[in-house]
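Me: I would like to learn how to read a few features off a structural model. Please give the general idea for each one, then the case at hand.

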Amino acid sequence: MPTDLPNLLTLSRIAAIPLLVLLVALRTPWGDVGACLVFSVAAITDYFDGKIARQRQSISGFGRMLDPIADKLLVGAALMLLAGLDRLPGLALYPAILIMLREILVSGLREYLAELRIGLPVTRLAKWKTGFQMGALGTLTAGETGAAVLHLSFLPVALIGEAMLWTAAALTLVTGWDYLLAGLRNAERAAPAQSSESHAKPAARP
């Protein structure tokens with residue numbers, strides 16, 4: 001049910017996006033800290049909603065549908081905010097592009113395989129990718145200004161965020177390639193089956 005705790009946690013990630021946008025758009029140090037906090041809390045719910053659903057054995061079709069959508073909306077909004085407001089340091093725009101392209105690729109694969117009633121399971125490496133990705137975006141959302149407010153100016157926040165984003169992008173390429181190969185293999189297996197079914201159907205009488 002949409003009102004189950006795991007599903008409410010998933011919905012909270014979507015609800016957090018307008019607040020995240022507002023706080024980043026303020027362009028103030030405390031706004032950056034608040035945006036980092038909102039993003040971090042929303043990212044953490046991605047872990048707990050699945051964990052609670054498994055513990056309670058309350059995994060639902062609604063949750064399975066909405067969970068990846070909420071993740072991609074949150075990540076996409078954060079990346080667009082950082083890029084649009086020129087908050088990506090150095091060459092960090094390029095791993096951001098890779099991450100966005102991978103999300104679109106996996107979404108397309110999942111949609112196609114869903115028509116074949118084939119699931120695309122999340123790998124352990126993909127979970128590591130998500131961890132580095134969320135950590136990078138949270139760090140870059142806070143930025144140097146947020147670090148200064150928290151008296152953490154001694155930390156190279158931009159460099160840390162960029163390094164984590166590049167790591168996430170590298171894992172993105174590996175996991176994206178794995179998902180693509182898995183999708184192609186399943187598509188090849190499904191094609192002969194669909195062809196056999198179509199030939200097995202009796203011809204319609206004129």
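**Reading a helical model**

Reply: Start with D49, which sits in helix α2. The model is predicted.

Me: Is D49 buried or exposed?

Reply: Burial is judged from relative accessible area, and under 20% counts as buried. D49 has a relative accessible area of 4%, so it is buried.

Me: What about E103: where is it, and is it buried or exposed?

Reply: E103 is found in helix α4, residues 93-115. Its relative accessibility is 9%, and therefore E103 counts as buried. The side chain of E103 has a polar contact with the side chain of K129, at 3.2 Å. With neighbours within four places in sequence left aside, the contacts of E103 are K72, K129 and Q133.

Me: Let us step back to the whole chain. How many helices and strands are there in the protein?

Reply: The protein has six helices and zero strands. Read from the N terminus, its elements run α-α-α-α-α-α.

Me: How should I read the contacts by their separation in sequence?

Reply: Take the contacts with a separation of 6 or more, and ask what share joins residues 24 or more positions apart; in this protein that share is 80%.

Me: What share of the residues is buried, and what does the accessible surface come to?

Reply: Of the 206 residues in the protein, 40% are buried. The accessible surface comes to about 12000 Å², and 68% of that belongs to carbon and sulfur atoms.

Me: How many residues has the largest nonpolar core, and which have the most contacts inside it?

Reply: A nonpolar core is read as a set of buried nonpolar residues joined through side-chain atoms within 4.5 Å. The largest one here has 27 residues, and those with the most contacts inside it are L20, F39, L74, L88, L137 and L165. At least two residues of this core come from each of α1 (5-26), α2, α3 (61-84), α4, α5 and α6 (157-200). The helix that gives the most to this core is α3, with seven residues.

Me: Take L74 from that list. Which residues is L74 in contact with?

Reply: Leaving aside neighbours within four places in sequence, L74 is in contact with R13, I17, L20, F39, A42, A43 and M134.

Me: How do I check the length of a helix against its residue count?

Reply: Compare the distance between the end C-alpha atoms with the span expected at 1.5 Å a residue. Helix α2 (residues 29-56) has 28 residues and reaches 40 Å from its first C-alpha to its last, close to the 40 Å expected. For helix α5 (residues 124-149), the 26 residues should span 38 Å at 1.5 Å a residue, and the end C-alpha atoms are 36 Å apart, which agrees.

Me: Where are the kinks in α2 and α5 centred?

Reply: A bend is read as the angle between axes fitted on either side of a residue. In α2 there is a kink of about 25°, centred on D46. In α5 there is a kink of about 75°, centred on G143.

Me: Is H151 buried or exposed?

Reply: At 67% relative accessibility, H151 counts as exposed. H151 lies in the loop between α5 and α6.

Me: What can be said of L155?

Reply: L155 is also placed in the loop between α5 and α6. Its relative accessible area is 33%, so L155 is partly exposed. L155 and E144 are eleven residues apart in sequence, with their C-alpha atoms 8.6 Å apart in space.

How values were computed. Residues are numbered from 1 along each chain as its sequence is written. This is a predicted model: local features need pLDDT of at least 70, side-chain atom pairs count only at pLDDT 80 or more; totals for chains, interfaces and linings use all residues. Side-chain values use heavy atoms; hydrogens and water are left out. Helices (H or I, at least four residues) and strands (E, at least two) are DSSP runs, numbered from the N terminus. The expected span of a helix is 1.5 Å times one less than its number of residues. The bend at a residue is the angle between axes fitted to the seven residues ending there and the seven starting there. Buried means under 20% relative accessible area, exposed over 50%, partly exposed in between (1.4 Å probe, protein chains only). A polar contact is a pair of N or O atoms within 3.5 Å; within protein, one must be able to donate a hydrogen and the other to accept it, and residues adjacent in sequence count only if both atoms are side-chain atoms. Contact means heavy atoms within 4.5 Å. Accessible areas come from the Shrake-Rupley method with a 1.4 Å probe; for residues, only the protein chains shown count as cover.
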